[in-house]
Amino acid sequence: MNTSIFARRVLAPLALLLVAGAAHAQGDNPYGIASVWEKADAITKAVLFTLVAMSAGSWYVIITKLLQQARLGAQARAAQKDFWSAGTVKAGAEKLSEKSPFRYIAEASLEATQRHHGLRAKVDFADWVDLSLHRATERVQRQLSTGLSLLATVGSTSPFVGLLGTVWGIYHALTAIGVAGQASIDKVAGPVGEALIMTAIGLAVAVPAVLGYNALLRRNALVLDEVRDFSGELHSVLLGSGHEEPAATEQQPVGLTPALA
């Protein structure tokens, strides 16, 4: 399923369900989230909107990257099963899905063998093929790393965004004390509650982002091991066959498909 469709069909209803559940749990609590929203000024609402957007973005990245990694794992198993049993690299590549990064790497290597002429022929054939495979593998790695910077940013900045709301809530509490002339509970409970809620939301946004970032990094390393192993074995095969492999296509090798985006 396309990731944008997945987000609309699953993540959006889930977010609405969580909001509705939180509102129901708060009930008539005068110091709950609903009350904070009703009494909040523009800065507080802006902080809340920012935290919600950061949370939604981080969860979107986590879920879509997990799906991407699972899909690439299945493609790695398909490559091990179908590619190496073929008679030629071209035949093996044609057995793989058009969206498979392993097919992209195989076609890129075949195209490299056909481009080893002219000035490129001054480069040793083994080095030229190795360079081409390295470029293709690095592109797969860049695609796998897409989105992780968002998780790192959310994990490192969302606590400070929540802290901004906390400071603003404490400012409101001090203002209420100054206006009332006394530090009674009923005067400061609302602003202090607002400050604590902002702190809690900031942490709730940061923790999943940090955990997701670390988990995805570990899973990416495992997936990339499969890609590098495939690339290394393919390099040996191409060196063994020399220049005899036919080109997979006379056009440029296909780029990575949206399946890896």
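**Notes on an all-helix model**

1. Let's start with Ala-126, which counts as partly exposed because its relative accessibility is 21% (buried is under 20% relative accessible area, exposed is over 50%, partly exposed is in between; 1.4 Å probe, protein chains only). You'll find Ala-126 in helix α6, residues 125-145. The C-alpha atoms of Ala-126 and His-235 are 8.1 Å apart, although 109 residues separate the two along the chain.

2. Keep in mind that this is a predicted model, where local features need pLDDT of at least 70, side-chain atom pairs count only at pLDDT 80 or more, and totals for chains, interfaces and linings use all residues. Residues are numbered from 1 along each chain as its sequence is written, and side-chain values use heavy atoms, with hydrogens and water left out.

3. Of the chain's 261 residues, 37% count as buried.

4. Now for the rings. There are four aromatic pairs (ring centres of Phe, Tyr or Trp, with its six-membered ring, within 6.5 Å; planes under 30 degrees apart are stacked, over 60 edge-to-face, the rest tilted). One of them is Trp-84 with Phe-230, a tilted pair with 5.4 Å between the centres and 55° between the planes. This pair links distant parts of the chain, 146 residues apart: Trp-84 sits in the loop between α3 (42-83) and α4 (89-95), while Phe-230 belongs to helix α8 (residues 185-241).

5. Buried or exposed: what about Phe-230? Phe-230 is buried, because its relative accessibility is 1%.

6. With 37% relative accessibility, Glu-226 counts as partly exposed.

7. How many salt bridges turn up in the whole structure? The search finds one (a side-chain nitrogen of Lys or Arg within 4 Å of a carboxyl oxygen of Asp or Glu). The side chains involved are those of Arg-103 and Glu-107, at 3.0 Å from N to O. Arg-103 and Glu-107 are four residues apart in helix α5 (residues 101-114), so about one helical turn separates them. Arg-103 is buried, at 15% relative accessible area, and Glu-107 is buried too, at 9% relative accessibility.

Definitions and conventions
Helices (H or I, at least four residues) and strands (E, at least two) are DSSP runs, numbered from the N terminus.
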